[in-house]
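Open the model in your viewer and keep the selection tool at hand. The tour goes from stop to stop and says what to select at each.

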Amino acid sequence: MRRLFVSLLAWLALIAPAAARAEEPPLVLAAASLQEVLNDAANAWAAKGHPRPILSFAASSTLARQAASGARADLFVSADSAWMDWLAARGRIDKASRATLAGNALVLIAPKASAARLAIEQKGALAALIGGGPLAIADPSGVPAGRYAQQALEALGAWRAVERGVVRAENVRAALALVERGAARFGIVYATDARAARGVRVIATFPPGGHAPIVYPIARLSGARASAEPFRRFLLSDEGRALFRARGFTL
């Protein structure tokens with residue numbers, strides 16, 4: 001009997017670490033514009049009895065580089081396809097797990113007290129309104145929101161006229177904060193960012209044909225914990241998508 005008891009303890013010692021790992025919460029690297037909706041999703045997932053996912057938000061470019069350098073994480077949600085492609089080329093994602101989670105729109109914002117108005121498709125109107133800025137956008141050299149913003153301005157023939165007044169922020173939420181604080185007269189952010197902020201108002205929505213489609217791909221990272229896949233599936237489920245819809249994302 002004693003020998004059986006010792007054997008049982010040894011068996012439990014072997015399976016306990018594996019069980020603990022299975023219950024570990026997934027670490028999610030996500031674009032800054034997803035803060036509210038992914039916190040909603042993490043809370044909903046925890047309410048079902050699962051460990052609450054750990055969420056890390058920053059510019060997609062920053063997070064992709066962290067993942068490429070071997071940072072311990074389980075899921076990556078980018079604000080564009082380019083950075084997900086970049087990680088895939090480096091063998092850092094499970095390609096079979098990649099899916100499009102949601103979409104968004106691009107808007108021009110100003111501080112809430114601003115009286116600025118704009119007919120955005122009227123030729124020269126955008127450049128005349130923004131003038132010398134300052135215009136806050138995410139850094140277009142690497143951040144998806146900034147790339148979309150530059151593309152939209154170029155499509156309307158306004159980029160050269162406003163480029164000198166552009167303030168390049170670390171990510172889209174940093175650009176939003178500059179406008180909220182009154183440090184920038186205007187900003188270009190996602191529609192969901194403007195919706196989540198109290199201190200700004202939307203002046204105009206950019207025509208979707210003037211920039212690349214705004215999409216949020218999701219994928220498991222190589223070596224992801226077992227807990228990552230169930231949460232990924234939850235985000236892609238009808239219940240998960242309803243959370244995105246409630247926050248103003250397109251599906």
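This is a predicted model: local features need pLDDT of at least 70, side-chain atom pairs count only at pLDDT 80 or more; totals for chains, interfaces and linings use all residues.

What follows is a list of stops, each with something to select.

Residues are numbered from 1 along each chain as its sequence is written.

**Stop 1**

Select Ala-31, Ala-32, Ala-79, Val-143 and Val-172, which are the closest to the centre of the largest cavity among the 13 residues that line it. The structure holds one cavity of 30 Å³ or more, and the volume of the largest is about 50 Å³. A cavity is a set of points on a 1 Å grid over the protein atoms alone where a 1.4 Å probe fits but cannot get out, and lining residues have an atom within 4 Å of a point. The volume is the space filled by probe spheres set on the points, which are joined across faces, edges and corners. Which classes of residue make up the lining? There are 10 nonpolar, three polar and no charged residues. Here Ala, Val, Leu, Ile, Met, Phe, Trp, Tyr, Cys and Pro count as nonpolar, Asp, Glu, Lys and Arg as charged, and the others, Gly among them, as polar.

**Stop 2: Ser-33**

Select Ser-33, in the loop between β1 (27-31) and α2 (35-47). Helices (H or I, at least four residues) and strands (E, at least two) are DSSP runs, numbered from the N terminus. Is Ser-33 buried or exposed? Ser-33 counts as buried because its relative accessibility is 2%; buried means under 20% relative accessible area, exposed over 50%, and partly exposed in between, with a 1.4 Å probe and protein chains only.

**Stop 3: aromatic rings**

The structure holds eight aromatic pairs. Rings of Phe, Tyr and Trp (its six-membered ring) pair if their centres lie within 6.5 Å; planes under 30 degrees apart count as stacked, over 60 as edge-to-face and the rest as tilted. Select Trp-45 and Phe-231: their ring centres are 5.9 Å apart and their planes at 55°, so this pair is tilted. Trp-45 is in helix α2 and Phe-231 in helix α10 (residues 228-236), 186 residues apart. Both Trp-45 and Phe-231 are buried.

Next select Tyr-148 and Tyr-190, an edge-to-face pair because the planes are at 65°, with centres 6.3 Å apart. Tyr-148 and Tyr-190 are both buried.

**Stop 4: helix α8**

Select residues 172-180, helix α8, whose buried residues include Val-172, Arg-173 and Leu-176. At the N-terminal end, Asn-171 caps α8, with a side-chain oxygen 3.0 Å from the backbone nitrogen of Arg-173. After α8 comes Gly-182, with a positive phi near 80°.

**Stop 5: a cis bond**

Finally, select Gly-133 and Pro-134, joined by a cis peptide bond with omega about 0°. Pro-134 lies in the loop between α5 and β6 (135-138). Most peptide bonds are trans.

Conventions. Side-chain values use heavy atoms; hydrogens and water are left out. On a 1 Å grid over the protein atoms alone, a cavity is a set of points where a 1.4 Å probe fits but cannot get out, and a pocket is an open set with protein on both sides within 12 Å along at least five of seven lines; lining residues have an atom within 4 Å of a point. A polar contact is a pair of N or O atoms within 3.5 Å; within protein, one must be able to donate a hydrogen and the other to accept it, and residues adjacent in sequence count only if both atoms are side-chain atoms.
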